[in-house]
Amino acid sequence: MNTLALIFRVLPVIQLLSELWIVYSFLNVVWKVTAHLLIRALATAIFLYLCPSVRVVFYNAVYFPLLSKARAVPSPSTGRNIFHGHYSDGKSIVDGVTSMAYAREALPRARLLRVSASFYPSARPWEVILPVSRDSVHQVLVSRAESFVRSISAYSILARIFGKGVLTTDSASAHDMMRSSLLPAFTQHNVVRLVPGFLEHTSKLIVSIENKLDHSNPTTSMHLEQPITRSLTDSTCQALVGDNFNLLEHPESMTATAFQRLLLGTAPARVIFHCTLKFTKWRDHDIVNDFVREAVNAKIALHNSKQKYEDASGSDGQHRNANIMSFLLEHDAPAWTADSFLEQFYSLLVMQSDTIGGVRRTLWYLTLYPEIQSRLRDEIRSTFPEGAASITSASDLTSLRFLDCVLKESLRLAPPRRNAVFRKAVKDVHIDGYRIPKGATVYVDAYMLNRLPSVWGPDASEFYPERWQQKESNTDTFTDEQNLMTFSKGPFSCIGEQVALLQMKAFLAGLVGTFSFESPEEDPMADKDNVYSAEKLKALLVARVPGW
Ligand code: HEM
């Protein structure tokens with residue numbers, strides 16, 4: 001082979017190698033540039049994510065005014081964070097100053113407002129649409145309810161721990177099914193049968209408070225938070241499955257301790273640990289589940305043996321062992337097993353904390369207004385002169401008209417579950433000429449709506465139980481239960497409203513009839529507009545009022 005032929009043979013190889021080198025260099029440059037860009041993008045994303053103030057500025061300066069699909073909905077000038085000043089430091093809760101400012105500014109002009117919400121000043125804000133008129137609220141919750149689902153972010157941790165029940169499911173069709181399967185247990189006929197159980201727990205609470213009174217002094221300073229919480233929890237649990245943890249009398253037992261750790265004092269670290277490491281077993285959860293399964297299986301066995309209840313009171317169909325589980329079995333036994341009830345059990349039980357809030361806040365108002373407290377006690381004692389034991393039924397409780405007014409007025413001004421009614425639009429909805437885009441969050445602010453002067457009259461922010469009596473006597477008044485947003489309205493509204501009202505009445509009738517409650521503060525009225533100071537009942541001065 002001559003030299004020329006050799007060169008011709010080697011040349012293509014050299015050419016190939018040089019082409020490969022060029023491609024390699026090109027890819028190398030592309031890779032470096034891409035990697036560089038990727039790393040920068042990632043770093044920026046991490047920076048933006050980690051640096052809340054940048055996100056807040058971006059949100060306020062760019063997203064909220066320019067990019068939001070709902071930007072046609074008017075937003076108020078008085079600051080945009082609906083929860084501003086509500087969770088001031090993540091612990092202490094102050095009142096709804098911002099929402100009331102919105103209400104004043106927006107009304108009577110606007111029916112919808114676009115505002116921001118973030119529970120902590122540095123947390124990422126999100127956009128919410130606020131219905132601020134009776135009509136727009138009604139459209140969101142009732143007449144256009146099919147265009148919205150409950151936004152469950154608030155309940156997503158519960159869903160992860162306790163599974164998806166009627167409160168925590170994120171599927172509209174599953175919610176519909178669960179709600180219709182539960183509703184038969186909550187008819188008026190059934191709910192009144194729960195009252196003897198509530199009254200029994202009330203008497204136990206009265207005895208426990210009485211035992212703690214210092215009889216050498218006219219009043220005893222007492223923390224009622226814990227006994228009330230324990231007693232109401234026992235009573236709700238009894239109403240749900242016909243058995244309870246006996247938290248009031250034996251708070252140290254294994255099941256009571258597990259229950260309290262799980263549902264009453266859940267430490268945040270524990271929740272995070274449990275939610276992030278799904279495979280971890282939470283012993284307390286197992287203990288509570290076993291307890292509920294056992295109680296439910298006992299009800300199923302009882303139902304199958306046709307011996308429905310041991311009827312303690314006899315003829316009127318009311319008895320202390322009536323419970324929601326048995327009502328469900330009476331209606332549709334095959335649908336219910338221990339496991340199918342367990343998920344609903346947590347959805348129902350979690351909400352009972354509101355009943356505790358309702359009793360607590362009513363007592364707080366009664367300490368602010370001692371003359372209302374005495375008037376209420378007079379009503380209870382004159383209607384039932386023989387003492388607390390002579391209150392035995394739901395009709396006894398409903399005969400206490402002033403108690404009804406006091407309770408409703410307290411639930412109006414200080415709704416226990418204020419930040420709970422969130423909806424997500426499942427499609428574009430037009431309300432009052434504004435488009436609520438698919439995916440938008442709507443927030444129904446019970447605190448604000450329960451205080452709108454256009455709805456409740458010029459004295460809307462005053463604690464004035466008589467307004468509910470005026471309604472009954474048909475005088476010109478704004479007061480109407482249809483406007484009370486405390487239990488929400490429509491297909492996602494509180495399923496336990498009637499249960500809660502009777503339970504709270506049973507406890508309040510017994511407590512206020514037996515004891516007097518006084519605030520230890522020098523000037524309790526100084527804090528009267530800050531309903532969230534009732535969040536935790538401080539020590540009250542308690543005395544046994546003789547003669548009952
Ligand atoms: C003062 C006491 C109570 C208050 C203020 C209250 C308030 C509420 C509110 C505001 C909602 C959300 C409604 C919505 O998203 O539109 C709700 C839902 C619910 N509540 Fe209550 N609640 C109370 C007591 C109870 C009790 C005692 C029970 C159980 C026996 C209960 C069971 C439920 C359930 C299961 C839901 C979810 C209903 C559904 O999604 O269909 N609540 N409650």
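**Close-up views of a predicted model**

**View A. Helix H10 passes helix H12 in a left-handed crossing.** On the H10 side, the contact is made by Met-254, Thr-255, Ala-258, Phe-259, Arg-261 and Leu-262. Facing them from H12 are Asp-284, His-285, Ile-287, Val-288 and Phe-291. Sorted by class, this contact has 7 nonpolar, 2 polar and 2 charged residues.

**View B. Three strands form an open sheet in the order S4-S10-S9.** You can follow the antiparallel pairing from strand to strand. Strand S4 (220-222) and strand S9 (515-518) are the edge strands, as each pairs on one side only. On average, and with direction ignored, neighbouring strands of this sheet are turned by 35° against each other.

**View C. Here we zoom in on S9 and S10, which run antiparallel.**

**View D. A shell of 26 residues lies around the ligand.** Which residues come nearest to the ligand? They are Met-351, Asp-354, Ser-488, Cys-494 and Gly-496. Three helices each supply at least two residues of the shell: H14 (338-351), H15 (353-368) and H22 (497-514). By class, the shell has 13 nonpolar, 9 polar and 4 charged residues.

How values were computed
Residues are numbered from 1 along each chain as its sequence is written. This is a predicted model: local features need pLDDT of at least 70, side-chain atom pairs count only at pLDDT 80 or more; totals for chains, interfaces and linings use all residues. A crossing is left-handed if the near helix is turned anticlockwise from the far one by less than a right angle, and right-handed if clockwise. Helices (H or I, at least four residues) and strands (E, at least two) are DSSP runs, numbered from the N terminus. Two residues are in contact if their C-beta atoms, placed from the backbone, lie within 7 Å. Ala, Val, Leu, Ile, Met, Phe, Trp, Tyr, Cys and Pro count as nonpolar, Asp, Glu, Lys and Arg as charged, and the others, Gly among them, as polar. Two strands pair if DSSP finds at least two bridges between them. Axes are lines fitted to C-alpha atoms, for helices over the stretch in contact, and angles run from 0 to 180 degrees between N-to-C directions. A residue is near a molecule or strand if its C-beta atom, placed from the backbone, lies within 6 Å of it.
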